[in-house]
Amino acid sequence: VGLDLRATPITGWPIGLTVGKRRGDVVIVRAAADKKAAEVRRIERRTQVAVAEEVPGWVRIGDGEWLARADVRVITPQPVPDGVPADAQWIDVDLDEQTLIAYQGATPQYLTLVSTGIRRGATPPGLYRIRAKASTTRMAAEADEAKLYDVSAVPWAMRFKAGLYLHAAYWHDAFGVRRSH
């Protein structure tokens with residue numbers, strides 16, 4: 001689940017989304033950009049926050065309110081890529097921030113956290129066209145892969161390169177953290 005920006009447009013970019021690896025995780029807001037600073041409050045993961053300032057290792061979200069950089073994904077809209085028609089639908093996946101923004105032309109429409117590939121299966125940067133879409137598809141490990149998996153009904157799969165998909169995932173809840181095949 002992400003943010004429908006058509007229903008609730010964001011006017012003050014960049015924004016942040018807090019992250020945690022597990023359901024129930026909370027993020028500690030500190031009084032200063034220091035891990036020993038006083039705790040101001042705690043906020044739940046996936047909370048939208050304003051990003052006022054970034055310094056090495058920290059993000060200021062308000063007066064006297066700082067988050068450790070590892071606990072927040074900073075999201076900034078991107079311009080329409082070269083070669084993409086000005087009014088086209090397109091998707092930007094930020095591999096560093098582990099976020100996705102879907103666009104109509106230059107207008108952000110939807111925003112969410114993602115979990116892109118790790119290690120040998122790292123998501124390759126580039127500009128791709130969606131080659132195929134399926135409401136569900138089967139995904140299974142190749143014979144030479146170290147981790148075996150076989151998921152018979154991966155939802156909302158969009159193939160963008162041979163063997164590589166943008167898809168939903170019901171088997172984990174750690175979006176905003178790399179973990180996918």
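The legends below describe close-up views of a predicted model.

**View 1. Thr-99 in strand E11.**
Thr-99 has its place in strand E11. With a relative accessible area of 4%, Thr-99 is buried. Beyond its neighbours within four places in sequence, Thr-99 is in contact with Asp-92, Val-93 and Asp-94 as well as Thr-112, Leu-113 and Val-114. Arg-73 and Ile-75 are also among the contacts of Thr-99.

**View 2. The open sheet E1-E12-E11-E10.**
Four strands, in the order E1-E12-E11-E10, form an open sheet with antiparallel pairing. Strand E1 (3-4) and strand E10 (89-94) stand at the edges with a single partner strand each, so one side of each is left without a neighbour in the sheet. Within the sheet, strand E11 (residues 99-104) and strand E12 (residues 107-113) are joined in the antiparallel sense by six bridges. Ile-101 has Leu-111 of E12 as its bridge partner.

Asp-4 belongs to strand E1. The relative accessible area of Asp-4 is 31%, and the residue therefore counts as partly exposed. Its side chain reaches the backbone nitrogen of Arg-6 at 2.9 Å. When neighbours within four places in sequence are left aside, Asp-4 is in contact with Gln-109 and Tyr-110. Asp-4 and Ala-102 are separated by 98 residues in sequence, while their C-alpha atoms lie 9.8 Å apart in space.

**View 3. Glu-97 in the loop between E10 and E11.**
Glu-97 is located in the loop that lies between E10 and E11. The relative accessibility of Glu-97 is 12%, so this residue counts as buried. Apart from neighbours within four places in sequence, Glu-97 is in contact with Arg-69, Val-72, Arg-73 and Val-74.

Strand E2 (residues 15-18) is covered on both faces. Ile-15 and Leu-17 are buried on one side, and Gly-16 and Thr-18 are buried on the other. Three bridges pair E2 with strand E5 (residues 48-50) in the antiparallel sense, and Ile-15 stands opposite Ala-50 in E5. E2 is also joined by four bridges to strand E9 (residues 72-75), again in an antiparallel arrangement. The bridge partner of Leu-17 in E9 is Arg-73.

**View 4. Aromatic pairs.**
Three aromatic pairs are found in a search of the whole structure. In one of them, the ring centres of Trp-90 and Tyr-103 are 4.0 Å apart and the ring planes are at 0°, so the pair is stacked. Because Trp-90 lies in strand E10 and Tyr-103 in strand E11, the pair ties together parts that are 13 residues apart in sequence. Trp-90 and Tyr-103 are both buried. For Tyr-170 and Trp-171, the ring centres are 5.0 Å apart and the planes are at 80°, so this pair is edge-to-face. Tyr-170 counts as exposed because its relative accessibility is 54%, whereas Trp-171, at 38% relative accessibility, counts as partly exposed.

**View 5. The open sheet E13-E14-E15.**
Three strands form an open sheet in the order E13-E14-E15, with antiparallel pairing. Its edge strands are E13 (132-140) and E15 (164-166), each of which pairs on one side only. From one strand to the next, the twist averages 70°. Strand E14 (residues 150-161) pairs with E15 in the antiparallel sense through three bridges. Arg-159 has Tyr-165 in E15 as its bridge partner.

Note on methods. Residues are numbered from 1 along each chain as its sequence is written. Side-chain values use heavy atoms; hydrogens and water are left out. Two strands pair if DSSP finds at least two bridges between them. Helices (H or I, at least four residues) and strands (E, at least two) are DSSP runs, numbered from the N terminus. Axes are lines fitted to C-alpha atoms, for helices over the stretch in contact, and angles run from 0 to 180 degrees between N-to-C directions. Buried means under 20% relative accessible area, exposed over 50%, partly exposed in between (1.4 Å probe, protein chains only). Contact means heavy atoms within 4.5 Å. Rings of Phe, Tyr and Trp (its six-membered ring) pair if their centres lie within 6.5 Å; planes under 30 degrees apart count as stacked, over 60 as edge-to-face and the rest as tilted. A polar contact is a pair of N or O atoms within 3.5 Å; within protein, one must be able to donate a hydrogen and the other to accept it, and residues adjacent in sequence count only if both atoms are side-chain atoms.
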